[in-house]
Amino acid sequence: MTTRPTVILLSNILWQLPLLILLLPFHHNSANAAVGGTWELLMSDIGISAMHMQLLNNDRVVMFDRTDFGASNIALPNGKCRNNSNDLALIVDCTAHSVEFDITTNSVRPLMVQTNVWCSSGSATSDGSLVQTGGFNDGVNVVRVFKPCITGKRSTCDWQEMGNGLIQSRWYATNHMLPDGRQIIIGGRAAFNYEFYPKTASTNNVFSLPFLEQTNDPMEENNLYPFVFLNVDGNLFIFANDRAILFDYTTNTVVKTYPQIPGSDPRNYPSTGSAVLLPLKNLQAQTIQAEFLVCGGTPRGSYLKATTGDFLGALNTCGRITITDPDPQWTMETMPLARTMGDMVILPNGNVLILNGAAAGAAGWELGRDPVLCPVIYRPDNPLDSRFEVQNPNIIPRMYHSTTVLLRDGRVLVGGSNPNEFYNFTGVLFPTELSLEAFSPSYLDSESANLRPQIISSTSRHKFKYGQGVNIQFTVSGLVNRDLIKVTMVAPGFNTHSFTMNQRMLVLSSGDVRLIGKFVYQVSLVFPKSGKLAPPGYYMLFVVHQDIPSEGIWVRIH
């Protein structure tokens, strides 16, 4: 790996410190005092700016940027080079634009991606592979597969690319896993339709989705990277711009149209809020409730104004709606910090971490201003006016093209941030960021060690069937409140552009917690009953005690 000059690193640090001094008092005056969480710099230079990020079931994270901006900061191995028809300034490119980060060794390995993956989409499939779709120029119709490395063969696994795997060009699209293990790929720039991967004889086509055209603002769009979630009835909840539908993709039918979000402000790219499906509970009940939460964004017109140097303040609101209600209505909540280009990560205990982003402007090259350095935790089960809690600030602005994913140890991996068209480390307001950090929520504090469960059942990476019951054994060294034990299951999502595709948490139905030995407990649980609740694939399973999660184990459900 080549090393960025020391003077550039120093210029970044010198730039960040006065920014922190200037910005933090403003944010603290408008929010509660920061109370928790710690930041750790893992690597100062991973060689690329992590625009896209996916955790795999071997505890490695695949990241990639784009291929048409020139050389990255990390060389391809063994003298490899790629033909780069998209970049006339660098026809032969011997640098990598994708890396694999090994969480255990805190190191990266360069990967070879040939076609342009800029602003693309993807998801981890039922066998644990990352299937990634679309991009720009020569990448718009490409499907790429990255299979997790087999133990002992880490240096050999790499991207496999299939040209014309998509019928429609896909740029800024959204992918979601379906109950049968297929992916649906929805939307993208000038793509008001959807298609499937892999394809069958009956699905070897694109299918019109007029909702995407209806939500497209002229000159601004505001409906790219639509927020898509699988509802508990098997239909898709699709939110774009300022409204949502429930969609039956099997019949190409709109099942329900939801009320427009109050305020009618856009929440999708380039206005760019973020969204999650809140944890699914009571999975054995006849009726299961599903709630959608969207936070941040910008006032309508912000993108166009930002291109002229007028940077409007971001939205400080979240909208929450029970999408399974017969008569669903929005509940609006006020965040302590306004935010656009933020990310939302569901933590193992069911709380939501909101981080990254800016307090003004919009998504796009150099269009964001006023970095929001403090994360916020949202506690969905708290009373309405006591759900937000400001966390300790970062010192590195994470602006446009930042990424984040949950790790199995409960930390949150944070990388990326490049609001510049090229890799610029000096002479710009927000330099290109090649570093990788971890945010540790307060549940990882040493004071909580005696309350933290440790799973001892030898079930990691085991396969389980839908509806199967299983006993999980764990230890806790301190006093246990058995009424505050729960087991959660989290799907690893594909993160880019402030949205984590396929992010999903299920609180597993469980029985009594029994003491079976010194400090050893056993909880009985039942896995979800169908792929409508949990699409087939790998999940991280956690035992949570008093909101403090264990380290997760990988399980596969099918």
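**View 1. N78, an exposed residue with a positive phi.** N78 is exposed, at a relative accessible area of 78%; here exposed means over 50% relative accessible area, buried under 20%, and partly exposed in between, with a 1.4 Å probe and protein chains only. N78 is not a glycine, yet its phi is positive, about 55 degrees. The residue belongs to the loop between β3 (60-64) and β4 (82-83). Strands are DSSP runs of E of at least two residues, helices are runs of H or I of at least four residues, and both are numbered from the N terminus. This is a predicted model, in which local features need pLDDT of at least 70 and side-chain atom pairs count only at pLDDT 80 or more, while totals for chains, interfaces and linings use all residues. Residues are numbered from 1 along each chain as its sequence is written, and side-chain values use heavy atoms, with hydrogens and water left out.

**View 2. N502, a buried residue with a positive phi.** N502 also has a positive phi without being a glycine, at about 70 degrees. Its place is the loop between β38 (499-501) and β39 (504-507). With a relative accessibility of 9%, N502 counts as buried. Most residues other than glycine have a negative phi, and most peptide bonds are trans.

**View 3. Two cis peptide bonds.** The bond between Y197 and P198 is cis, with omega at about -5 degrees. P198 sits in the loop between β14 (193-197) and β15 (207-208). Y269 and P270 are likewise joined by a cis peptide bond, with omega at about 5 degrees. P270 is part of the loop between β19 (253-257) and β20.

**View 4. The disulfide of C81 and C94.** The structure holds 3 disulfides, a disulfide being a pair of cysteine sulfur atoms within 2.5 Å. In the link of C81 and C94 the sulfur atoms are 1.8 Å apart. This link is right-handed, with 90 degrees about the S-S bond. C81 is in the loop between β3 and β4, and C94 is in the loop between β5 (92-93) and β6 (98-102), so the pair ties together parts that are 13 residues apart in sequence. C81 is partly exposed at 34% relative accessibility, and C94 is partly exposed at 33%.

**View 5. The disulfide of C149 and C157.** C149 and C157 are joined with an S to S distance of 1.6 Å. C149 is buried at 8% relative accessibility, and C157 is buried at 12%. With bonded cysteines counted along the chain, the disulfides follow the pattern 1-2, 3-4, 5-6.

View 6. The sulfur atoms of C295 and C318 are 2.1 Å apart. The link is right-handed, with 115 degrees about the S-S bond. C295 lies in strand β21 (residues 291-295) and C318 in strand β22, so the pair ties together parts that are 23 residues apart in sequence. C295 is buried at 5% relative accessibility, and C318 is buried at 0%. C374 is buried as well, at 2%. The cysteine sulfur closest to that of C374 is in C318, 16 Å away, which is too far for a bond.

**View 7. An open antiparallel sheet of 4 strands.** The strand order is β20-β21-β22-β23, with antiparallel pairing; two strands pair if DSSP finds at least two bridges between them. β20 (274-277) and β23 (331-334) are the edge strands, each with a single partner, so one side of each has no neighbour in the sheet. Neighbouring strands are turned by 20 degrees against each other on average, direction ignored; the axes are lines fitted to C-alpha atoms, and angles run from 0 to 180 degrees between N-to-C directions. β22 (residues 317-322) pairs with β23 in the antiparallel sense over 4 bridges. G319 has M332 of β23 as its bridge partner.

**View 8. Surroundings of T322.** T322 is in strand β22 and is buried, with a relative accessible area of 13%. Apart from its neighbours within four places in sequence, T322 is in contact with Q289, A290, E291 and P328, where contact means heavy atoms within 4.5 Å. T322 and A306 are 16 residues apart in sequence, and their C-alpha atoms are 34 Å apart in space.
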